[in-house]
Amino acid sequence: MVPPPGLQGLNVPAPNIGYFTPQHRQSPGSPVTLDASTPTLFTPLKIRDVKLRNRIVVAPMCQFSTAPEGPSIGALTDYHIATLGHFALKGAALVFVEATGVQPNGRISPYCPGLWDDAQIPGLKRVFDFVKSQGALAGIQLAHAGRKSSTAAPWVAGSTEHRKASLRVGKDQYGWPDDVVGPSGGIKQTWDGLGLQEEGGYWPPRALTHDEIQQLVGDWAKAAKRAVQAGADVIEIHAAHGYLIHEFLSPVSNRRTDSYGGSFENRARLLLEIIDSIRKEIPAEMPLFLRVSSTEWLEDTETGKEYGTWTVEDTIKLAKLLPQVGVDLLDVSSGGNHPTQTVSSFRTKDYQTKIAARIRKEVKQSGVQLLIGAVGMITEAEQARDLVEADKLLSQEAKDAEDVTDAKAEKEPSADLLFIGRQFLREPEWVLRVAWKLGVDVAWPSQYLRVRFPRL
């Protein structure tokens, strides 16, 4: 589509999209003028051959909004364009599609997206095309839910009829109770420990066979290849929150006695094989991220004392291996593998950013080049600025609120990128509002210029 004479350069269509949407004259969320006074939060970051316009990423957030059966099973829809596209329009640098199953039984719920079939590529491509037309990068988080799969959407589980944090679903509700899998199986390996009791919210898993593990590694690679075909700029592997890869990493959930269980090296084997398989299928210039639960918060629990647990020290050990196998960024989350964890992610403001800072510092001191992402309860402008600020002291407010790590005294950032989730659901314009609060003049979407926040 070509603008009429006299308008060239004023209302140019965004490229590589099948309908008209204007190309912004400057990418929303990027500083109008980039200079030494610009906070690191609003400076670009290049990873391999892609460049983020700022340091703010929309974290993967489950929406439970795809078809559970039929020809469009697991495929993204216009709903995802409306939600994820809006975050891109309002200035986020990288927008992730939520946890996407690499196998049908890898979905958290029957209503979660998947990428196990070529038929699911077009829906994903439509979302990616719009996100990229707004100047953002498009990412996808590939996942397998393991023993936490075949459950209901949270608003169903939490309804007045059920009043549960989780609700298992059977075949009559499109579930797969006989194909819930994990590194280990049996009634005692049910996530909440309740087995098939009425009040339980999860199905007992069966243990994956060695052949099924090899099939899983291949399916992860195939899903990554489909993501590339759909136009992904970044892929993230989900190895956190008690889902399948995390289940293999943790001695709490991995009781295997073969080459995939026991030692740290054996428990990390599946993850490293998946990383290798994906890296072989995606372009060399494409960044690969990894999300982990840096700790399970079980060290002081009876469960942790009995079986051992995955700790920050384990995460640091893993982190030092990642660059050599092709991972560019470690996305530092926590918890989710056992109901007796001692920290609630909904109540503690800095429960993960301190850990991200520690990991970044120790990895850097070892000479390993690995970017670190921080996630969890990042809601305020000054907080976000200070977490990634380089070569400047943290604000007094942040100093008073938390002792991040010794890195603070060395003027080191706690992280290189910020992954923001729930705050974007509350405020889709969060990037623009943060810039305004920090006094940074950033570009706005062309269609929104008339309502731009006044310059401070």
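A: Let us start with S150, which has its place in the loop between β5 (137-143) and α3 (154-157); helices (H or I, at least four residues) and strands (E, at least two) are DSSP runs, numbered from the N terminus. This is a predicted model, in which local features need pLDDT of at least 70 and side-chain atom pairs count only at pLDDT 80 or more, while totals for chains, interfaces and linings use all residues. Residues are numbered from 1 along each chain as its sequence is written, and side-chain values use heavy atoms, with hydrogens and water left out.

Q: What value does phi take in S150, and is S150 buried or exposed?

A: Phi of S150 is positive, about 60 degrees, although the residue is not a glycine. Buried means under 20% relative accessible area, exposed over 50%, and partly exposed in between (1.4 Å probe, protein chains only); the relative accessible area of S150 is 0%, so S150 is buried.

Q: Which value has phi in N16, and where in the chain is the place of N16?

A: N16, which is also a residue other than glycine, has a positive phi near 60 degrees, and its place is in the segment before β1 (45-47). N16 counts as exposed because its relative accessibility is 72%. A further positive phi, near 75 degrees, belongs to G439, which follows helix α15.

Q: How should I read the inside of a helix, for example at A223, and which residues is A223 in contact with?

A: A223 has its place in helix α4 (residues 210-230), and at 0% relative accessibility it counts as buried. Contact means heavy atoms within 4.5 Å; leaving aside neighbours within four places in sequence, A223 is in contact with V102, L115 and L142. A223 and L142 are 81 residues apart in sequence, and their C-alpha atoms are 7.5 Å apart in space.

Q: How do I read a strand, and how many residues of β10 (329-333) are buried?

A: In a regular strand the side chains alternate between the two faces of the sheet. In β10, five of the five residues are buried, so the strand is largely enclosed by the rest of the structure. L329, D331 and S333 lie on one side, L330 and V332 on the other, and both faces are covered.

Q: Which strand pairs with β10 over five bridges, and which over four?

A: Two strands pair if DSSP finds at least two bridges between them. β9 (288-293) pairs with β10 in the parallel sense over five bridges, where F289 stands opposite L329. β11 (371-375) and β10 also pair in the parallel sense, over four bridges, and here L371 is the bridge partner of L329.

Q: Which strand does β11 pair with over three bridges?

A: β11 pairs with β12, again in the parallel sense, and G373 of this pairing stands opposite L417 in β12. β12 is also joined to β3 by three bridges, the two strands running parallel, with I420 as the bridge partner of V58. L417 and F419 point one way from β12, whereas L418 and I420 point the other way, and all are buried.

Q: Where is the place of D416, and which residues does D416 touch?

A: D416 is found in the loop between α13 (396-401) and β12, and it counts as buried because its relative accessible area is 10%. Not counting residues up to four places away in sequence, D416 touches L45, R55, R360, L370, L371, I372 and V388.

Q: What is the mean pLDDT of the chain, and where does pLDDT stay under 50?

A: pLDDT is the predictor's confidence in each residue, from 0 to 100. The chain has a mean pLDDT of 92, and 92% of its residues reach 70 or more. Over residues 392-409, however, pLDDT stays under 50, and for this stretch the model has 32 contacts beyond four places in sequence. Where pLDDT is low, the predicted coordinates should not be read in detail.
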